[in-house]
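Please read the report below alongside the sequence and the coordinates. Each heading takes up one part of the chain.

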Amino acid sequence: MLNDFYYFDHAIFIFPLQPTRLVSPDEVLKRRRANSFELATLLCSFLIGNGFAACVVSGYATREVVNNDQQRVVCPFVPVEDEDSGEEEKPELPNKYQLRQPPDLRSQYLLNIEEEKVAKAQAEEVNRLAAEQEEIERLEQPPFDPKRGHRVHAWVAILINAPWCYKPGYREISLDPNTGEQVLQPPSAFFLEPSTGFRHEVSSPDYLAIESIWNQHNYYVNKQDPAAGLSAMRWDLADGRDWEHFLPGEPYELREDSAIPEDQDPLTTEEETEKEKHLDMPTSWVRSLNVSRTDYEQRFPDGTKVIYFKKTIYERFAPYRNLIGLVRRITTYETLDYDGPISRWEFYANRDDLLNLVRIEYRTNETEERFDKGRPDCLRSLKHRAAPNNEYELRFFYQYRFDALRTLMYHASYIQEHYDKRDDLLYYREFRNIPKDPVTKEPSKLTHITEKFHHNITKEPVKDIAIRNCFIQDNKIALQFHYGEDCITASTREFIKPPKSEMGEEVPYDPSCTSGYVSNPWDPQPTQLDLFLLLKEQLKAEEIASHAFRRRVVEIDTMLSERRKQTDSPRLTNSLFDPLRNEEARQLRLAKYEAIKAREEQIKQQQADFLAPYLLRLGDTSKRPPTRAQVMELYRDCTRDLRRFYQRLEEELRNRCDDLITEEQSLKRFLARFQQHFEDAEYEKFIAEGETIERDKHILQMRLENIQDDYRRKAEHLRQALREDERLRPYLGAELQSPCDRSDYDDE
């Protein structure tokens, strides 16, 4: 099924009785209206361009297919609800100590009679339901079509194992058992309906007969018996007994004597081209198929599309078509006349609140909202059951919450929380409370807290709490511990809390206010100190749970209030790189980029201001003009820095030259002393090393001379630039010649 492809949404399907002319695929994209032949040609063009062996089929179809009537087709887009199941229930292991069932003393004869009655009633019920279903199917059958088999229609066939198709997955190659060579399987095909994009097999009852097919290679006329049906049709286009090609010549791949590699072109030379040419065809007058970004996003001619399926209405909207971000809506009904809605699915996109789906059940008056990841509250779904329950079920992405809350059931009189993978092993908590009084505005009052924990393997079962019940009104705390090994009952403990009037800094403890039971007689009985510490721990846990209840009530009220605001005033978002809606931002980014680029080019072209570091020492000259002494000091510092820079270069070169002279003298003394002890090859090697040292020394001397000449030239240019600079001209005279301007090189 290719229904999400742009092509099937772009054009409106029209169905004349018999088309008199066909327009080009490019014109179809412009008009956005076409008949079945034009739509099939457009679809075939796209498929061939993507490497499929596609053909346009001209034949006969049923009335519903020709008229694009899908009111008797089951909607394939109805979502299949995939409820998140909790933890998988582990199968119970058989217990060898399980009690045997008591013997059945009932009469087997009476039981058999009763079973026969029940089986008979069930069979009658099945027959009745089958008869009702047959009657419904008979009533839903389309009326008789007097023109059946005479309605002309065009669709697309995609060939599998076609010789000219190299699309991966559409060529089935097997080994010949006789020769062991790889051979293609016989060609087969499947159909694509151009008006809907649905895939149909060749055995589909919607298509009755085929007259001809054509593609980019040739036009083929069907010579097979139409009485055999399309399911028995053979799709080997090279077989002249089944297909007659209209144009002379055949593609090279369809010939039996064409043994060419797959990676080689069929026609490689001009002589072969002339040999295979049978007639001159005009060049294509159709422009390349191009869809603009705006048209692709709009998709539908009017921005919306409605499809009527069997008991289902499927509506689609272009993105940003409406202000609420609705892109799809599916509604199911009880009757074929679309009366009595059952369910509705609304799909959203580009919502600021990350809403992506709203599901409404009209029978149970239930609404569910689903969200994408990224909300601050990590909300995954929100389900609301209206009166009489008036209950909210909130699911969260618990992996991203600090409290690992997975599911929350909220009612005016209770709150149920389900956790997952908490450090304290808490997995369930329930608050029972007296609802808030709508008249007096008295807040809800907590009455009962229930907490359940997983087993902690690091603790003994007699000390590992499984269930904690805090009875606020009865002033009691009841504990149940996990089952111990080989125990059929669990240990329990109950505390009666001391009155609040006696509660101070220290918790008063009365041994008569506690009672308990230890299931394992081998476990030691808890001491009074252990019970006192356990009571303090439970009082603190109850206080923490009470604070959690108050925070949870505020959080839920805030969340529901925020959801009502987001529903009443939805906002849409768009991507920063969306060129259709962020054109202004895009232009600003381009303008900023161009400004930065122009600034870089300007910096490259303009001359460096070597006076800028020196003028910074004078401060703000616009408020406080510099004196002549300051300007003269600036002048001397600038020329002195240039001279020092070249002096450092000269000193470095002179040191390297002195090292080479020292090395040369050492080599000469060594050769003069041990000349008679070397062979000719070794002696020539030392001579070559000496020549290298002499050459390097000559190069350094030339660099010294060049540096001296470069300094004289730049020093003169610097003095001239300083005299002509507008910022220094009022303080410097043209006849200025400072003694410090003379170079050390001039002295030399």
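The report covers the model as a whole, then its sheets, its core and some single residues.

## Model and confidence

This is a predicted model, in which local features need a pLDDT of at least 70 and side-chain atom pairs count only at pLDDT 80 or more, while totals for chains, interfaces and linings use all residues. Residues are numbered from 1 along each chain as its sequence is written, and side-chain values use heavy atoms, with hydrogens and water left out.

The average pLDDT (the predictor's confidence in each residue, from 0 to 100) is 83 for the protein, and 87% of the residues score at least 70. In residues 737-748 the pLDDT is below 50, although this stretch has 21 contacts in the model beyond near neighbours in sequence. A contact means heavy atoms within 4.5 Å. Where pLDDT is low, the predicted coordinates should not be read in detail.

## Overall content

The protein has 13 helices and 27 strands. These are DSSP runs numbered from the N terminus, with helices (H or I) of at least four residues and strands (E) of at least two. Of its 748 residues, 36% count as buried; buried means under 20% relative accessible area, exposed over 50%, and partly exposed in between, with a 1.4 Å probe and protein chains only. Among contacts between residues at least 6 apart in sequence, 50% join residues at least 24 apart.

## The seven-stranded sheet

An open sheet of seven strands has the order E8-E7-E4-E3-E9-E10-E11, with antiparallel pairing. Two strands pair if DSSP finds at least two bridges between them. Strands E8 (199-200) and E11 (243-245) are at the edges with a single partner strand each, so one side of each has no neighbour in the sheet. Helix H3 (residues 36-49) packs on the sheet and touches E3, E4 (152-160), E7 (188-192) and E9; the direction of H3 makes about 15° with that of E4. Axes are lines fitted to C-alpha atoms, for helices over the stretch in contact, and angles run from 0 to 180 degrees between N-to-C directions.

Within the sheet, E3 (residues 54-61) and E9 (residues 207-214) run antiparallel and are joined by six bridges. Valine 56 has tryptophan 214 in E9 as its bridge partner. UniProt, in an unreviewed entry, places the feature "transmembrane region" at residues 39-61; its positions are given in the numbering used here, feature names are shortened, and annotations may be inferred rather than shown by experiment. In the model, residues 39-61 are 48% helix and 35% strand, with the end C-alpha atoms 16 Å apart.

Strand E14 (residues 326-333) has seven of its eight residues buried, so E14 is largely enclosed by the rest of the structure. Strand E13 (residues 312-317) runs antiparallel to E14 and is joined to it by five bridges, with tyrosine 314 opposite isoleucine 330. Strand E15 (residues 341-348) also pairs with E14 in the antiparallel sense, over seven bridges; here leucine 326 stands opposite tyrosine 348.

Strands E16 (residues 355-361) and E17 (residues 366-371) pair antiparallel over six bridges. They form a hairpin with four residues between them, and asparagine 365 in the turn has a positive phi of about 55°. Arginine 370 stands opposite leucine 357 of this pair and opposite serine 381 in E18. E17 and E18 (residues 379-385) are antiparallel over five bridges.

## Nonpolar core

A nonpolar core is a set of buried Ala, Val, Leu, Ile, Met, Phe, Trp, Tyr and Cys residues joined through side-chain atoms within 4.5 Å. The largest one has 39 residues, and Leu394 and Ile415 have the most contacts inside it. Helix H8 (residues 528-568) gives the most to this core, with ten residues. Leaving aside neighbours within four places in sequence, the contacts of leucine 394 include Leu379, Leu382, Leu408 and Met559.

## Loop residues

Cysteine 378 lies in the loop between E17 and E18, has a positive phi near 60°, and counts as buried at 11% relative accessibility. Alanine 404, in the loop between E19 (391-396) and E20 (405-411), has a positive phi near 60° and is buried at 8% relative accessibility.

Proline 142 is in the loop between helix H5 (108-140) and E4, and counts as partly exposed at 31% relative accessibility. Proline 142 and glutamate 64 are 78 residues apart in sequence, with their C-alpha atoms 8.9 Å apart. Not counting residues up to four places away in sequence, proline 142 touches Arg63, Glu64 and Arg72.
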